[in-house]
Structure formats: C-alpha cells, structure tokens
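Hello,

Here is the structure you are taking over. My notes follow below it.

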Amino acid sequence: MVMKKRWYRNKWAKGILVALGIISVEAAAVSAGMVVGIASMGIYPFDSGTYTESRSFANEVYRSSGDILHAVQNAGFLGDGQGVIDLQEVFSEEPISYEDTSGLAYSVKDLEEWAESGWGNEDTENILICTKKDGGEEYLYFDEFNDKIRSGELKIQINGTIDGYGEDQAVEYATTEDYEAAREAAESDLEEELLEWLRNRNFMYDTGISDSYYSACVVDKDGEIVYTDVKNFSDYAFPEKYHPQDADSILEVLNEDPQWQGRIYDAYDALTDALNQAVLAVQSRATLEETYGEGLTNLNYVFVDNGADKVYTNVENLKDTDYDSVWKRIDQDAASHVILTPEEGGTNLNTAINSLQDWKNLAEGYSTDKGDYLFAIWTDENFEIPDVLAENQENYEKYAGWLTPILSCGLFSIVLLIVCVGFLTAGAGRANEGEEIRLNFFDRWFTEIAALLVVGIWLAGTTSVLNIITWSLEVDTLGYFIIFNILGLWTGIWFFIGWLSLVRRIKAGALWKNSFTRCFILAAGKLLKKGWALLKEIVELFAVNTSSRLKMALIFGGFCFFQFVVCGMIFAGGAWILILVLGAADAAGLVYLLRKARGREEILKGLKEITDGNLQYKIPLDKLTGEQKTIAEYINRIGDGLDAAVENSVKNERMKTELITNVSHDIKTPLTSIINYIDLLKREHPTDPKICGYLDILEEKAQRLKHLTEDVVEASKASTGNISLEMADLNFVELVHQVIGEFEEKFQEKNLTLMMHFEEDEAIICADGRRLWRVLENVFGNVAKYAMENTRVYAEMKVEKPTVKFSLKNISAQPLNISADELTERFIRGDVSRNTEGSGLGLSIAKSLTELQGGEFRLYLDGDLFKVTIVFQVKDK
C-alpha cells in the first residue's frame, strides 16, 4: 500500500510553518503592545470624529469632574480657616459647627498647620492609665509619673507573689520570659525594673503592674493607696504639637472635664480622624489651586452648594451664580459643556458615554443638600492651556487613526498563528516515511523538568524585558516597538518548543510515561509494597509463638534494654567503668553473632554438597550449638535417606532395564522363527487368495512387532546411557539432505510440500552418524505419519555460532492436547485413538540419543502446530 504524502510532514514545510508562527506571535505582541500604549493615552478603539466627540474626551471630563467635586468636599472640612473643630462632633460624625461644644476642641489654623507639618510620622507617646481606688481613671504622662516616683511622692508597692515566686524572681520571670525584656532584676530595685517594663509594655495585653506572678499597687508617702493599677497607653497616643482650646494638654481636659472622663480612646480616635481629614483638606486645596486653578486647565467649573451657602469656581469675574447667569457664560465661551441643577436639568457632554443621570448622581453625591445645587463644567475646543486635555487631544489626533489597522493586523496574526499551530500539531513527530512517532532528545526528558525549563527560561527572559520597560521610563515609541518585538520573538520560540514537544509526547504516549510524578508514584508504590511485605513478615514471625523466635526476641530486647540503661548511667555522670562494661557487652554480642554466622556457613556448605550429589557428606557437629546443631543433624539424616533412595532408584531402574532387555530377547527368538516360517510358507506359492492375504497380514504384524521390540530395547539403552557411541566430525547439513531424500516419496504420498531454508552448505558437528541418522529418521517419520495432508512442512537450518539449529515444523492432522514434555515420554502418542502405526517411542528415543551426543532436543506445540528443534555445537571449518 502506497502511503499518501502530506506536505505539512515535510521538514522544510515544518520549518516554514514554525517561522510563520513565530512571526505571527511577534506581530500579535507588537499589535497588543501598541494597542495598550495607545489605550493608556485614553484613546479607545473605533472612536471617530473630533477629539471632543470621542469617548476619551468624555471620560476625561467626567473623571476630572469627580476629582474636582471630591476635592471641593474635602477642602470644606477646614471651612474658611476660622473658628475651632470640636472633637465630639468629629467622633459623632456630625456637621462641623466650628464652635467648642464639648470642651475638647482645636483651632482650625492649628489643625491645618499640624496637617501641613507632616502628620502621620510621629512617634508614640507614653501615657499611663492609672486606676484609682473608686474605680475612676486618671491619665498621666510617663515622665510625670516617673518624676513622682523619683521624688518619693509615689511608690510602687509589691504586695505579694504567686506560685512561690519571690519578689526578684517574679519580676525577673515576668520581664525576661513572658515579656522578652532581657534584664537582671537583681541589678536594680523592683521599682526601677517595673518602671522600665511598664515603659515598654504594650497595652494590647491589658496587663498593668499587677501581673499573674505578683500583686502590686501605687501608694503615697504615708502608704495610702493612690492607684490600684497602672497600665500603658503608648500604642494609641502620639505627641501633641498643638494644645486644645483653653488647656495645656489633651490629658488636662480628659482628667478635669466630666464629659470626657474615662474616654481617652474616644478622644484620641476623634483627634486622629480630625487630623486625617485636615490632611485631605490641605491636599484638596492644593489640587484645586495647582491643578484646576484659573489659567492652569482648559476646564472651567462652577459648583454652587446652596445647602452650605458656598460657591467653588475657577472662573474669574463670575458675579452671579444662578442658572441663567452661568448658562450665559457657558454659551459665550464653550462648545462642550454640562450644566446641572435639580430643577432645570442640563445638557450632557456625550450621552453615549455618560448619561444625564450619571452626571446628576455625581453632583448630588457631593452637595450638602441634594435638592439645592448647581454644577457646571465646560471647555474650549481650542485647548490653548497645556494640560491633560490638551495632551490627550494631541495624542488623539496623532494615534487614533492607527488603532483600527493595528487591531486588524493583530487579528490576522492570531488567525495565521492558529493555522500554523494546527498544521504543526498534525505533523508533529511524523514524517512521510512512516507513521512512527519520532521523539528527539528533549522529548525524552522528564515531563515536569521539561515544562519547568521552558516556562522558567521564558519567564526569566520576559521578566528581564519588562524590567527594562519599568526602569527606562522615557522609552519612546520606537523603543516600545523594539521591546515588544523582542518579547514576541522570545515568546514564539519557547511556545513552539514547548507546544510541539507536548504534542509529540502525547502522540507517543510518553507524556505520563516520562513523567517524574509517575516515577515517584511507582517508586513510592514499590516502597509501600516492600514495607507492607516486611510488616506482614514481622507479623507472621510473631504470629506463631515458637520457642526459637521468642528466645531471639527476648535476647534482643534484653540486650537493647541493657545498652539503654548503661548509656543512661554514662550520660548521667556514671563511672568510666560503665564504658568498659558496655564495650565488653558489645564484644560478647559480636562473638555470639560471629559464632552463629559460622554455624550458618557450615550448614549452607553441607546443603550445597548434598545438592551437588555428594550424599555421603556429613556436617561437622562439634562447633555447632543449640538449634543449629539440631538442624545439622536433620540434614545429615536427610543425606542418608537420599543416598538410600537414590541407590534404590538406580537398582530399580537397572532391574527394569534388564527386564525389558530379557523380555525383548525372549520375544525376539520366537518372533524370528515366526517370520522365517511365514517366509517358508510364501515360498510354497499358495494359490488360495485368502491364504495369501493371511500370510501378508501375519508378515506385516510380525515385522511391526519386531520393530517395536527393537525400539523398546533401544529406548531402554538410550535412557540409561547403556549404549556405545562412535563420535566423529560430520556435516550436519549433508546428513539432513540425505534423510530428506529418503522421505521424499513418503511426503509425496501424503501431498506434503517440503519448504527448505538452509543458510549454510556445511555445518560440521561432532556426533555419531548412525545414531544421529536414527534421530532424524524418527523426526521425519513422525511428520510423515501425523502431518495433515496437502500442507507444507518447513525445514530450516541456522548457524548461530557457537551452535547450529535444525528445526522442522508441520501442521498435525490430529489436535495436540498434550504438552511437549508429555509427548517425549515413552509410549505417548499424539494420535490418542492410535489409528496410525507407531510405538510412541520415536520422539523419546530421538531426544535421548540427541542428549547422549551432547545436543539439545526441543519440542514446541501451539494448537495444531508441531515443531522440533535440534541444536548441536558447531565446529570451525
């Protein structure tokens, strides 16, 4: 059958497809990079018309409007810079009244200056929460508390310890082990130690100077308890750059004002929120002044928050802020605009992008009274001021027209890539010379290692290129084109290496076969099987409680326990004499094991001698003890028994041979007379046809009986080796040809066609020519008797030094329902019904004679196929 050639299996076609595929990846990567680059400028694909009609323009104006309104809202926290901000209003998230309503308020100017000075980078302040006897709290700075301790005005008193710790131990344990403050309590008194620990204590643990290891309190000079406990508040507090209104510190208000008593957390949370909002307000003011100020942007905006009675705008000379006045100003200056009020409605920039409701939601979200506001924003189409809109307009006019062609090129590259990958996938691993899957050296690597290599190298190269883009912030358009080209080339190369290798592995069935995971699972499975077998063996060893196993287990356990005890005493500081005892015990154990090993060697030697036929060998018992001695005695008895059995078997075989020989000889004498008398009767030339027929039958059966008797004698001699051989060099090939000539007529009678295949004309072997002729005669005679008519018989001679093999095979006429070994036994015939002539001794004689001459006789049966192979050592010419 002529195999159809496919063009995509040609190596040149594959090379072209790979090149086209890599170029397609490059083109797609460059297209994607250019699209991303253009899109990063705010330009959308398929935009048409002028810049002010594009989605890019509409979205930029909408985004800027959100920034402006967000900044306006944040800037409103500081108001007009006058008055104070009450922390209770901040904590309750109430509208700021800019008046002191709770007793804890900060000046707007102070908060603004505090925010501008870098709020958020302050260190923590150590503030202590002191619990008074009545359960109330007093707040002190750590330095203030420390000064009172140093002056003796206050004193930390240790009232007792727990779990038996002394005062020094309690403090040392608490400070070093539990709180990781590695200090020695003995180097200073307890007050110094507790103060230092208290300074570094984190209040999150909710533990003060009274701990689970001791009990403490603070007393005055007279020993009266002032504070039952003191805790650190350092994680929440920070230094005060500015003080509250009418107070020197925030702690003064917290300690004296009943409204703030016990509310140190609320106070610091509110102050933190106020400072964060002040920072946002300062940043928002800067945004409105530096980004969206008059003359700095092409956007003009007006936001009238009637609920707060405030107007925010960057339009100069805008006196009136009602709808009509603003609309007139917009109508004079702009072509693109939005003006919104709840009542009047408005006109959207681009309804396809941002609906009228979107703009209303945006404005209402930042107005104090959602029902009373006015918001307007407009631009001049000329974009004379250099801002984001002007830059976007320039980019739009330069690059917007390129987006559609670039996208089309990228789409075409992807289609071409899919086509190339499809053809390469179909042809991967195959050539036009055949369907066999061909793997290269890389395909034979472990699947996981190959995948990691491909992905790893690709990631390393890609990361390097991306790092170049990140570090080189001023890469121009040409630079980006080159970088994405390199990325596409790099990606394409490693994609096709990995993909084609994967396809070849799948086609060859090597994806899982060459997998490291599979090897690991197989190895783990083998290990588990061996472990399970070992476990079963151990269980079986102890399942039967024999005395030997129990004795060995007790000896081993006792020895291990003795070793463990002595080692423990040595490590505990025992005398050096124990090391000598341990050494002596180990030496005794070694001697015991060596003796057992020597006993095993003697037993193995005895078994080998008996196995090799030396049945008179006796294992020496003088150096064996215990069970090994008992085993050796049993083996010696087995040797005696085997010797007697072998001798008896030889005797019986000799008697059978003699019996067969004698019987055959006794039968042969009268049989010869019968044959002679039949011959004499035939010489009388009887005329009666019946008598002639009877004589022919008698002669045929007598001759058959004669041959059977000769075969029995020969089989008996051959099986016992009681036969003389005349070994000489002869040509095995020539002898086979002579036998074939003898059986040519018999084969023709049964229409058997002999097919011969002889590789050599000569094969010299050392054999007895007469006996080897008998072997071949029996084999060919077996074919002539039992082969199916009208079939072929195959004779083959192969010289495979150092041997020559002759084989003869045919199809049997009868089914062969026995094994090859049974067929070579005496009196066994393949024809179970015994309808054909034969004694069942031919193959047995052939095998015995072949083996006596140093050859091999093999039979092979497969259904009705019968095959004989005769092997001899071949000699050099």
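At the start of helix α22, a side-chain oxygen of Asn731 comes to within 3.1 Å of the backbone nitrogen of Val733. Helix α22 covers residues 732-742. Its buried residues are Phe732, Val733, Leu735, Val736, Val739 and Ile740. Buried means under 20% relative accessible area (1.4 Å probe, protein chains only). Seen down the axis of α22, these residues fall within an arc of 160°, so they line one face of the helix. The arc is taken from the directions from the helix axis to the C-beta atoms. Helices are DSSP runs (H or I, at least four residues), and strands are too (E, at least two), numbered from the N terminus.

The model is predicted: local features need pLDDT of at least 70, side-chain atom pairs count only at pLDDT 80 or more, and totals for chains, interfaces and linings use all residues. Residues are numbered from 1 along each chain as its sequence is written, and side-chain values use heavy atoms, without hydrogens or water.

Next, Asp110. It lies in helix α4 (residues 108-116). Asp110 is buried but has no salt bridge (a side-chain nitrogen of Lys or Arg within 4 Å of a carboxyl oxygen of Asp or Glu). The nearest side chain of opposite charge, Lys109, is 8.7 Å away. Lys and Arg count as positive, Asp and Glu as negative; His and the chain ends are not counted. Beyond four places in sequence, Asp110 is in contact (heavy atoms within 4.5 Å) with Tyr242 and His243.

Last, confidence. The mean pLDDT (the predictor's confidence in each residue, from 0 to 100) of the protein chain is 76.

Regards

Methods
Buried < 20%, exposed > 50% of the residue type's maximum accessible area, 1.4 Å probe, protein only. Polar contact = N/O pair within 3.5 Å; in protein donor to acceptor, adjacent residues only side chain to side chain.
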